Amino acid sequence: MLTKVICGMHIFFENTKVIHILFFRKGKSYQSSSPSAKAVLSSPSGSSVPRGALDTIGLLMKLGRVRNIVVVAGAGISTASGIPDFRTPGTGLYANLAKYDIPYPEAIFNIDYFSDNPHPFFSLAKELFPGHHCPNYVHYFIRMLHQKGLLLRMYTQNIDGLEKLCGIPDDKLVEAHGSFATAACHLCYTPYPAEEAKQAIMNGNVPICTFCAGAVKPNVVFFGEDLPEKYFQHAEDFPKADLLMIMGTSLKIEPFASLVNTVKSTVPRLLLNRDPVGPFERRPLRRADYMELGDLSDSVRKLAEILGWHTEIQDLMNSHENGLCSSTDPSNSSGENSDSSETDSMH
């Protein structure tokens, strides 16, 4: 690859074609956010076509400009696995809670309401417990980021456990809203065997703390509870990031939503979502911000194809899912029902 500096631009050539333009001034380089000024690809006829968000980010990754990626994800990454998100009108979880006879949808995840009446949550928990669904293409793309040595950390709002199930190691994963993997009394916080808690819930019973007789719940974070200690390592992770990927979240629930604003202003942020959310709703976009709107699974697949990873991801899915899930087809990752603007709101 050859590079040439012309009038404040680094121009990268490959086989005589312009494949990338990086603008700079006063000794600092940046990706221009102007559609006409972003990286361009020259066709054999000499015409220039603006590169889209996926092409630009893919090129930065292939050029080795990106080595520490932080992923921020919400419920939209799991809808292709058959798990409903929370806020989509008509199909989201909050739109289908009438049978639990609760005063308002979020009450089912409110710690004060749970203390008075834990039964609605435990009825829902029977459906939410991990084990009924398989990871999809989006999860395995994130695992591939890890295998390529590019994943600094993944921060997820989800409690479905699919990130771990697809093989993302615990030290690369921050389950910001907890998980079903452990359980404790909601009053005195005495640990309780998670498997015993699951058995009780699946049998329609409320697990009871042997110390104070309070209701035991899985360690998923309710409204009114503190986030897990591991969440606060973001203070170290985000300053190190050289790319932030935001997937399938509405960025409405704090403090998780504010994570995306803690990277340096020069760090590229890529939103893969159904709709613009958070800082991506503002116009014009920040200079280093990129969006690919639409079906999340389709967008991730396109980025994988740009990177040349698609076959590797499919092979990884096939080898890992063999015998892992019997009731769900792991290849069904089209995301037809995915509303990737929605977020898990267990916080």
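1. In this predicted model, Y155 stands opposite V174, a residue of strand 9. Strand 8 and strand 9 run parallel and are joined by three bridges, where two strands count as paired if DSSP finds at least two bridges between them. Helices (H or I, at least four residues) and strands (E, at least two) are DSSP runs, numbered from the N terminus. On the other pairing described here, strand 8 (residues 151–156) and strand 7 (residues 69–73) also pair in the parallel sense, over five bridges, and I69 stands opposite L151 of strand 8.

2. These strands belong to an open sheet of six strands with the order 9-8-7-13-14-15 and parallel pairing. Strand 9 (173–175) and strand 15 (289–293) are its edge strands, each pairing on one side only. Neighbouring strands of the sheet are turned by 15° against each other on average, direction ignored. For this and the later angles, axes are lines fitted to C-alpha atoms, for helices over the stretch in contact, and angles run from 0 to 180 degrees between N-to-C directions.

3. How many residues of strand 8 are buried? Six of the six are, so strand 8 is largely enclosed by the rest of the structure; buried means under 20% relative accessible area, exposed over 50%, and partly exposed in between (1.4 Å probe, protein chains only). Across the chain of 347 residues, buried residues make up 53%.

4. Helix 4 (residues 137–147) lies across strand 7, strand 8 and strand 13 (243–247), and runs at about 165° to strand 13. Helix 8 (residues 296–307), in turn, lies across strand 13, strand 14 (269–273) and strand 15, and its direction is at about 135° to strand 14.

5. The largest nonpolar core has 38 residues, of which M61, V71, F141, M245, M247 and W309 touch the most other members; such a core is a set of buried Ala, Val, Leu, Ile, Met, Phe, Trp, Tyr and Cys residues joined through side-chain atoms within 4.5 Å. Among the elements that each supply at least two residues of this core are helix 1, strand 7, strand 14 and helix 9 (310–321). Helix 4 gives the most to this core, with seven residues. A second, separate core of 24 residues includes V72, L244, L259 and L271.

6. V71 shows how these elements meet: leaving out residues up to four places away in sequence, V71 touches I142, L145, L151, R153, M154, Y155, M245 and M247, contact meaning heavy atoms within 4.5 Å. Of the contacts in the chain with a separation of 6 or more, 65% are between residues 24 or more positions apart.

7. Helix 1 (residues 53–62) is mostly covered, with eight of its ten residues buried. Those buried residues are A53, L54, T56, I57, G58, L59, L60 and M61. After helix 1 comes G64, whose phi is positive, near 80°.

8. Not counting residues up to four places away in sequence, K217 touches I111, F114, F122, A183, A184, H186, F222 and E225.

9. A200 is found in helix 6 (residues 194–202) and is buried, with a relative accessible area of 16%. Leaving aside neighbours within four places in sequence, A200 is in contact with N205 and P207. A200 and F122 are 78 residues apart in sequence, but 9.5 Å apart in space, C-alpha to C-alpha.

10. On confidence, the mean pLDDT of the chain is 80, and 73% of its residues reach 70 or more, pLDDT being the predictor's confidence in each residue, from 0 to 100. Over residues 4–50 the pLDDT is below 50, although this stretch has 100 contacts in the model beyond near neighbours in sequence. Residues 326–347 also have pLDDT below 50, with 87 such contacts. Where pLDDT is low, the predicted coordinates should not be read in detail.

11. Some notes on conventions remain. Residues are numbered from 1 along each chain as its sequence is written, and side-chain values use heavy atoms, with hydrogens and water left out. As this is a predicted model, local features need pLDDT of at least 70 and side-chain atom pairs count only at pLDDT 80 or more, whereas totals for chains, interfaces and linings use all residues.
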